[in-house]
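Hi there,

Here is the structure I promised to pass on.

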Amino acid sequence: MDRTDPEGSIARAAEACSNWDRWGADDVLGTLNFLDEAGRREAAGLVRRGVSFSLSQRFDINGPQKGWRRRTNPVHTMLDTGTDAALGNQGLPHGIGGADDVIAMPLQCSTQWDGLGHIFDHGRAWNGRPAERVVTSDGDLVTGIEHMAPHVAGRGVLLDVGRAIGEDGELPDGFAITEGDLTATAEAQGVTVGRGDIVLVRTGQLARVRRDGWGEYAGGPAPGLSFTTAGWLHRSEIAAIATDTWGFEVRPNEFEHAFQPLHQVAIPHIGLLIGEMWDLDALAEDCAADGEYACWLTAAPLPITGAVGSPVNPVAVK
């Protein structure tokens with residue numbers, strides 16, 4: 001990896017890691033094709049205690065967004081309230097009353113999936129399609145995230161890199177997680193990562209910002225995956241990967257004058273489903289206590305027609 005040549009490094013990684021046409025010219029699922037019925041049946045056997053964990057941050061006005069690229073925090077508004085009911089303002093018979101509400105938010109403002117239409121490489125979307133023919137002002141006309149809604153359920157694997165190699169369970173901002181770090185963590189935990197898995201990488205950054213304040217969590221320095229993990233992401237044949245950070249890959253990025261170069265390979269070329277801003281802390285505590293780092297995981301995106309990302313409330317069950 002030549003840190004002065006992001007263009008060349010991205011091109012070489014894209015060629016080496018391309019899954020274009022692997023599942024045919026019409027494919028809209030990318031690496032979710034690795035997650036099949038047999039894998040789900042096997043993953044269901046991981047449920048032994050029945051304990052469950054939400055891996056989602058809250059969706060509220062208090063964070064973590066700060067307006068970058070018009071990404072704001074959710075705005076929650078009540079349409080009907082208990083006050084309206086008590087005052088008889090709802091016009092309903094026999095004393096019945098109720099409450100309704102609405103929320104306005106960017107689809108990627110908190111715990112979320114990046115869809116296949118989220119990132120392009122030199123005007124090309126997933127599977128080599130021209131970006132302008134995939135995502136228009138009408139949305140993602142080809143790989144909208146609604147196609148993924150039935151498929152994201154299977155074996156989840158937590159790689160708690162923060163605990164395995166960090167200090168006090170946390171990696172410092174700017175720490176680039178390598179393939180060696182991922183494999184060493186898996187070995188230390190006694191867990192394997194393989195075809196069709198949904199991999200959860202805990203860095204500990206979310207725990208830190210909860211303690212110290214949001215600060216630059218949204219877009220600032222962060223631990224994350226190194227650009228050099230592109231080959232591992234491709235070879236491992238995982239279905240999806242998610243982190244507890246804003247942007248999945250290490251920030252600042254490892255190249256001079258670059259922005260999210262691993263995204264540029266992982267999404268349009270590997271076809272990888274990427275999750276960001278997941279809350280992995282409670283699950284990590286439980287895994288550390290019982291030594292079991294694999295679980296049943298369901299994390300369906302909202303089937304929003306034509307969306308290039310989606311909020312999600314992932315649920316892990318052990």
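**Around threonine 229**

Leaving out residues up to four places away in sequence, threonine 229 touches Ile177, Thr178, Glu179, Leu182 and Leu262. Please keep in mind that this is a predicted model. Threonine 229 sits in the loop between strand 10 (224-225) and helix 8 (230-235), and with a relative accessible area of 0% it is buried.

**Two serines**

Serine 110 is also in a loop, the one between strand 3 (100-104) and strand 4 (112-114). Its relative accessibility is 1%, so serine 110 counts as buried. A polar atom of its side chain lies 3.3 Å from the backbone oxygen of arginine 58. Apart from neighbours within four places in sequence, the contacts of serine 110 are Gln57, Arg58, Phe59, Glu276 and Met277.

Serine 9 belongs to helix 1 (residues 6-17) and is buried at a relative accessible area of 5%. The side chains of serine 9 and arginine 12 are joined by a polar contact of 3.4 Å. Beyond residues up to four places away in sequence, serine 9 touches Met1, Asp2, Phe227 and Phe255. Between serine 9 and arginine 235 there are 18 Å from C-alpha to C-alpha, and they are 226 residues apart in sequence.

**Helix 1 and the cysteines**

Helix 1 has 12 residues and spans 16 Å from its first C-alpha to its last, close to the 16 Å expected at 1.5 Å a residue. Its buried residues are Pro6, Gly8, Ser9, Ile10, Ala13, Ala14 and Cys17. The elements covering them include helix 8 and helix 9 (261-270).

For cysteine 17, the relative accessible area is 5%, which is buried. A search of the whole structure turns up zero disulfides. Cysteine 287 is in no disulfide, and the nearest cysteine sulfur, that of cysteine 295, is 6.5 Å away. Cysteine 287 is itself buried, at 1% relative accessibility.

**Strand pairing**

Which strands does strand 13 (residues 294-298) pair with? Strand 7 (residues 153-160) runs antiparallel to strand 13, and five bridges join them; here valine 157 stands opposite alanine 294. Strand 15 (residues 315-317) also pairs with strand 13 in the antiparallel sense, over three bridges, with leucine 297 opposite alanine 316.

**Salt bridges**

Side chains of opposite charge can pair when their charged atoms come close. The structure holds 19 salt bridges. One of them joins the side chains of aspartate 160 and arginine 202, at 2.9 Å from N to O. That pair links distant parts of the chain, with aspartate 160 in strand 7 and arginine 202 in strand 9 (residues 198-202), 42 residues apart. Aspartate 160 is buried at 1% relative accessibility, and arginine 202 is buried at 5%. Both also belong to a salt-bridge network made up of Asp160, Arg163, Arg202, Arg210, Asp279, Asp281 and Glu285.

Lysine 318 forms a salt bridge with aspartate 286 (2.8 Å, N to O). Aspartate 286 lies in helix 10 (residues 281-290) and lysine 318 in the segment after strand 15, 32 residues apart. Lysine 318 also forms a salt bridge with aspartate 290, where the closest N and O atoms are 2.9 Å apart. Aspartate 290 lies in helix 10 too, so this pair ties together parts that are 28 residues apart in sequence. Aspartate 286 is buried, at 15%, and lysine 318 is buried, at 4%, whereas aspartate 290 is partly exposed, at 32%.

Best wishes

Note on methods
Residues are numbered from 1 along each chain as its sequence is written. This is a predicted model: local features need pLDDT of at least 70, side-chain atom pairs count only at pLDDT 80 or more; totals for chains, interfaces and linings use all residues. Side-chain values use heavy atoms; hydrogens and water are left out. Two strands pair if DSSP finds at least two bridges between them. Helices (H or I, at least four residues) and strands (E, at least two) are DSSP runs, numbered from the N terminus. Buried means under 20% relative accessible area, exposed over 50%, partly exposed in between (1.4 Å probe, protein chains only). Contact means heavy atoms within 4.5 Å. A polar contact is a pair of N or O atoms within 3.5 Å; within protein, one must be able to donate a hydrogen and the other to accept it, and residues adjacent in sequence count only if both atoms are side-chain atoms. A disulfide is a pair of cysteine sulfur atoms within 2.5 Å. The expected span of a helix is 1.5 Å times one less than its number of residues. A salt bridge is a side-chain nitrogen of Lys or Arg within 4 Å of a carboxyl oxygen of Asp or Glu.
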